[in-house]
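Subject: Structure for you to look at

Hello,

Here is the structure I promised you. Please open it first, then read my notes below.

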Amino acid sequence: MAVRWSSENVVAEHRDLQANAMALDWRGEYTLLAGRRNLALISLNKPSEVVKRVSRTRQKYDVTAAEWNPIQSQGHTFVLASGERAEICQWTEGSLNGTTSLRAHTRTITDLNWHRFDPHVLATCSIDTFVHIWDTRETRKPVASLSAIAGASQVKWNKLNHNFLASGHDCNIRVWDNRKTSQPAQYIAAHLSKIQGLDWSPNHENHLVTSSNDCTVKFFNITNPRKAENFINTLSPVWRARYTPFGEGVVTVVVPQLRRGENSLLLWSVTDMSAPVHTFVGHSDVVLEFEWRQNTNNPGEHQLVTWARDQSLRIWKIDQHLQRLCGHDIEDDAAFAESTDSEFANEAAPVQGESECDMEKFDEKDKTGEQDTLDPVQDTKQQCTQQNAENTERASHENSPEIGLATSDAPQTYDELQGSLTNDQFTGDTGTANVPVLPPVTSFLNTVSAPIRTNHNVVSLTSTLPSGGISAGQPMSLQQEFSLLNTSLDNSQVNSVEVVTEVEKRLCQVTAKHKNHTVCLNINFPLTYPRQHTPIFRFSYGTTIDISCKTDLLKVLKTTASQYQRKHKACLEPCIRVFVNHLKELLGDDRLNSIETPLGNGYSGQVYGSYQDHRVPFPRTSGARFSSAGLLVCFTRPMFMKKGSSRTESSTPRSLSALGAYIKNYMAQKSSTVPTSPKYSYIYPALSHSPSIEHSVSISHYYYQDKKFKSKRGKNEDEVGRSFNVGSVLIYDVKSLMPLSRDLGASYVLDENDIVGACLHNRDAAAAVGRRDLVQLWSLAAATTSLRPGLSINAWEYTDSPWILHPFARKLVNSILDHYVTMNDVQTVTMICCTFGMKMEPQNTTYARKGRAESNSHLLLDRFWRKHIPEYGSLKRNQRQTSVWAKLDRLSLLRGGKMGGSPYNTIHCLSLEGWDTCTVRHNRSNSEGSLSEATRPQEVDLPALESTDTHQKNLARFLDCNRGHQFDEMKRAYADILYRWGLLQQRAMVLKYLQVQPPAHKGVEFQTDCVHCGQSAKGPQCLYCRRFSFSCAICHVAVKGASNFCIVCGHGGHAYHLLEWFRDHDECPTGCGCDCIEEMDHLFR
Amino acid sequence: MVSVISNVETGHDDMIHDAQMDYFGTRLATCSSDRSVRIFEVKGTSQTLIADLREHEGPVWQVAWAHPMYGNILASCSYDRKVIIWQEDGHKWKKVHEYANHDSSVNSLCWAPHEHGLILACASADGSFSVLTSTAHTWESKKITSAHSVGCNAVSWAPAVAPGSADGTSRSGTAVQRIVTGGCDSYVKIWKFDSATGEWIEELKLEGHSDWVRDVAWAPSIGLPRSIIASCSQDRRVIIWTNDGVTGVWQPRELNTFDDVIWHVSWSVTGNILAVSGGDNKVSLWKESLEGQWVCLSDSAKGQPSSEQRTL
């Protein structure tokens, strides 16, 4: 745990400076403190004295950022951001001179950063969303402008790659490539809240750390933007997080303004995110800025220079102990530094200076890297063909003795190696093991032509390369060691081990998976390996074992490595073996078992935490939906669930990826029973576990649960416990809010014959449900229809214009309709429309066939026959005659004007309780004329009647005929609602008033005529005589289900019976003489 | 008066993400993070569980009932990237189709108006939406990729009466199929089915929100020529888009800015009331007044039904 001691430090107060920003020059000799009024230069050797002080006159804005040029050649230059401008100043010979100001931003500049390698390049960013890149030699306008959507808070150049820079915009990071400024090279949805700090790793080109208002510090690998590699949770928003120049550490500062109590700087080790390794105590107010410097007197010692709002400058000593806590191994470092230096010396151009040639070095390195990567590709192509054939021979002939020994010792291994590393050519070129320096990389690994040549070697070999095999003489080169690496491991020990070697980077990555744990070990080989130094072992991101396991493993590894190193022997393979064995022992330990739950098999996305979570919207946990007609279904979170209290922003996150982070937060704060081991390393720590365990991830964890929740009613304890996370679903009746009422729907009537009566009935119905507006409406409707000129057009005697044109007629109705249409009251609108509208007759009017007796069930096919089968008559003379007779019968009925005799009247076959319309109506036009017209038998046709109808309708129309279609839609909408209410008869009634009838059923429709009374009947029961209308020709029992007929003779019966009958027979079972099968055949041909 | 008819204890083991009644208002379907879909028969104040469907392998986000003319059919979509269509067969509910052609969570689904046939649209976090059409024995799917960058959050069908055909003139053939979608790119997009090519084409892109659009809802038509779409967003706003059917322009009107993220908008059956619900566990009902203003009818703090005693 963090020991809070005040490390030896220097304090200097500068109360009068009111500085906001601090910057250190490249040597760490001077520090610049900048505020709105003053600039002050302080020598860190005498921190209490101000070397130079310049007052900034008439400055409106505070200094938001300041930075010295980090490169020696321009080391006297620094830049200040103030308002919308950035000013470049110089400190030359004891005087401060402002030289140029950079103007392009339109809002306050929030951050700036010098290029790490090019002394003339500078990046600035601002709230105006732009990141500008400047060349200080050409200051009129930026060299490049990077445009984003959100305002930028941070901009930082990569510390290793001179093309990349990253900027923080609100919650997101954009990584830009200097060469392609039109769009970001990478986009990372990093945080849930504003990003305050951003820093690139000094060790890894692709790693960066961000700190945010959402109380987290996250580590990203920009090649994998979907997921943070690692993170730190704090209790307060984090102002800055920066890597330490040594080891793998990070220093964080909490956001000013918010938490006055916590001003401490925290030092963390990347290897253990659970607790800081050190807390710097001293500042009495928030720390505004901090920077690192090397102690000039003691090169191994780093110092932290901080400037805080308490206007004090402090210098903290980071001794070797602290550095070691951050994973910095002094000896390793020295070795490695040495090796890197020599590496540069070997590979790159001669070193000119110490720090000023950083960039050149870098360039050179890049170039050589490129050459290295390009050449082998060409080489390979040539060599492949030439050398493939001779490979084996050459290998055995020309290999160095060691290799020769190895191969002869284990020829089988060698063969297998050749096999498994498909194209690995072990040519003589690489076999020159006596060369102490790294030989030029040639065709060693030509499987991969990408810059990083990797050698995936999933260990599955069973034969062994005895580690003692490499024994005598000179140690072999790294390639040899890599290529001969044979980690023949017993697979039963550990689930899987994967070894990836990268010769160019002198790096070997070992990934072992065992019992749900992943251990990623990076092994770096200094150039001096194996003669002088052991490899450096580091655990990398993704390692899930806890710190004590890591320490154990490292210890074992170092011991093993140093044993071999003493003998100047290659140690990679034995190290890996030891590593695997030890890992197995560790993970076999009971202390780890407790947190191990086997990963559920099957679908991997079964729990939250897939990499695409950032695009999945945060789940709804409450909501309301209108359903059916007049119901509102609400589902809620239980009342005792609140949003997490630790959250800083007020609104709910948008994507599911937030869940993991919050659960982590919540768990860390709320519960000490969280498994400690895998807590870091994954952003969704608990997610890899089976959802059945206690801490499975659920959306409910996002909501803070009142821990005092207890059922006060003991009897319900079990029940409550069971549905702890679930609220109930409430179904509300929102009828009162709707313009419709089911009661009205049920009681409304439509009666074409007695419109006034229907209106009055509806008025009473409206009164019954308390709709006073509708009472008024129906009264008006009754009043206006009572004068409806249907009975006699000339009834209106006082004027020529019909009543329909009176303001109280059509205009009144239409304005009423308009009103209710705007209220979306389809019920009222529809009822008014129907009351004043015309019922449209279905085209397939049912024929009344009274007085006609038939002994058998009969099919009514006249129309069909007439249309389609001209020869029908000749086929069935008798039948035809019957039809003609029937027609005549109808005409005679019509002529006689008998009740119910007209074929063109609709008979309401519905026996309705509420509707009472089961009557056979007369002529709907109420005019005598139609009857007289009908006396001409030949013209008793639909068109004739319709023409009169149309005339009548136009006269009687209260409704705007142009809106007919619209009203039809409303009727349909209302009919749909009636259907939902289960008021089917009312629905049918309304649908009869549709102006445009749905297209009639196309195709043949069959209808049965009742056996007993001769009425055509739909369904098994005749509605007239109440008897079963249709009996089977075979069994003489009433047919209710599937039936079948001969459409020629009209006889039929149960489908099964007929099927059986016609299996053996061709003629009709009734003996009517119809050869059904043949006739039907003939008919349809 | 708004009153609680029924209080259904669902018995889910985890958060409920959706609850919907069927066409007749007799059955309730709920879905939850416990990966199950449950169907209840609700009669008066009592309810019986009639099915507990557990085929999903992740939290189930949404359910939708098909029109009853096609039978008792329910569709559900889940984090497990699947859409499952369930049908009642006898008294058993069975999975009749599973659609797993999305690369990420399926966030929303909506049945087409029954006039078009048995068609389902579903929106996925992979940025696409799919239209599944039931044919004689199988389901045909059409996936419209890159509908929204990042992800597609919501989908809703236009009512079968397209605004153009409801102006009183003749009903010209079948209604045009339209879909509205909302996505992480803050756009609301209207898609039209081009029956000539058989493709869905982007007809319009409505810009108005400043953050993820969480839900869209096309108001049901009652025969008026105008169309209305409601959309809600992470930006805590609800926008009502109105197309008068004459100019064809969608006029946005901001309903309100709420205290928290708005997750869902739902229209009443006649399209005159909008229910708005969001992250703060509250529901508010909005209605357009005769003057064309949207007014809040009630704020319901849920779980306290007594406070919802409001009269119109």
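A polar atom of the Asp128(A) side chain lies 2.8 Å from the backbone nitrogen of Thr106(A). The backbone nitrogen of Phe130(A) is also in reach, with 2.9 Å to a polar atom of the Asp128(A) side chain. Keep in mind that this is a predicted model.

Where does Asp128(A) sit? Look in the loop between β11 (121-126) and β12 (130-135) of chain A. Leaving out residues up to four places away in sequence, Asp128(A) touches His105(A), Thr106(A) and Arg107(A).

Is Asp128(A) buried or exposed? Asp128(A) is buried, yet has no salt bridge. The nearest side chain of opposite charge belongs to Arg107(A), 7.6 Å away. A salt bridge needs a side-chain nitrogen of Lys or Arg within 4 Å of a carboxyl oxygen of Asp or Glu.

Stay in chain A and find Arg309(A). This residue lies in the loop between β27 (302-308) and β28 (312-318). Its relative accessibility is 28%, so Arg309(A) counts as partly exposed. Now find Asp285(A). From C-alpha to C-alpha, Arg309(A) and Asp285(A) are 5.4 Å apart in space. In sequence they are 24 residues apart.

Next, the aromatic rings. How many aromatic pairs does the structure hold over all chains? The count is 18. Take Phe258(B) and Trp286(B) as one example. Their ring centres are 5.8 Å apart and their planes meet at 80°, so this pair is edge-to-face. The cut-off for that label is over 60 degrees. Phe258(B) lies in the loop between β21 (250-257) and β22 (262-267) of chain B, while Trp286(B) lies in strand β24 (residues 282-288), so the pair ties together parts that are 28 residues apart in sequence. Both residues are buried.

Ring pairs also build a cluster. Its members are Tyr979(A), Tyr23(B) and Phe24(B).

Last, a record to set beside the model. Residues 206-241 are 0% helix and 56% strand. There, the end C-alpha atoms lie 9 Å apart.

Best wishes

Technical notes: Residues numbered from 1 in each chain as written. Chains lettered and ligands numbered in written order. Predicted model: local features only at pLDDT ≥ 70, side-chain atom pairs only at ≥ 80, totals over all residues. Heavy atoms only, no water. Helix = DSSP H or I, 4+ residues; strand = E, 2+ residues; numbered from the N terminus. Buried < 20%, exposed > 50% of the residue type's maximum accessible area, 1.4 Å probe, protein only. Lys, Arg positive; Asp, Glu negative; His and termini not counted. Polar contact = N/O pair within 3.5 Å; in protein donor to acceptor, adjacent residues only side chain to side chain. Contact = heavy atoms within 4.5 Å. Phe/Tyr/Trp six-rings, centres within 6.5 Å; stacked < 30°, edge-to-face > 60°.
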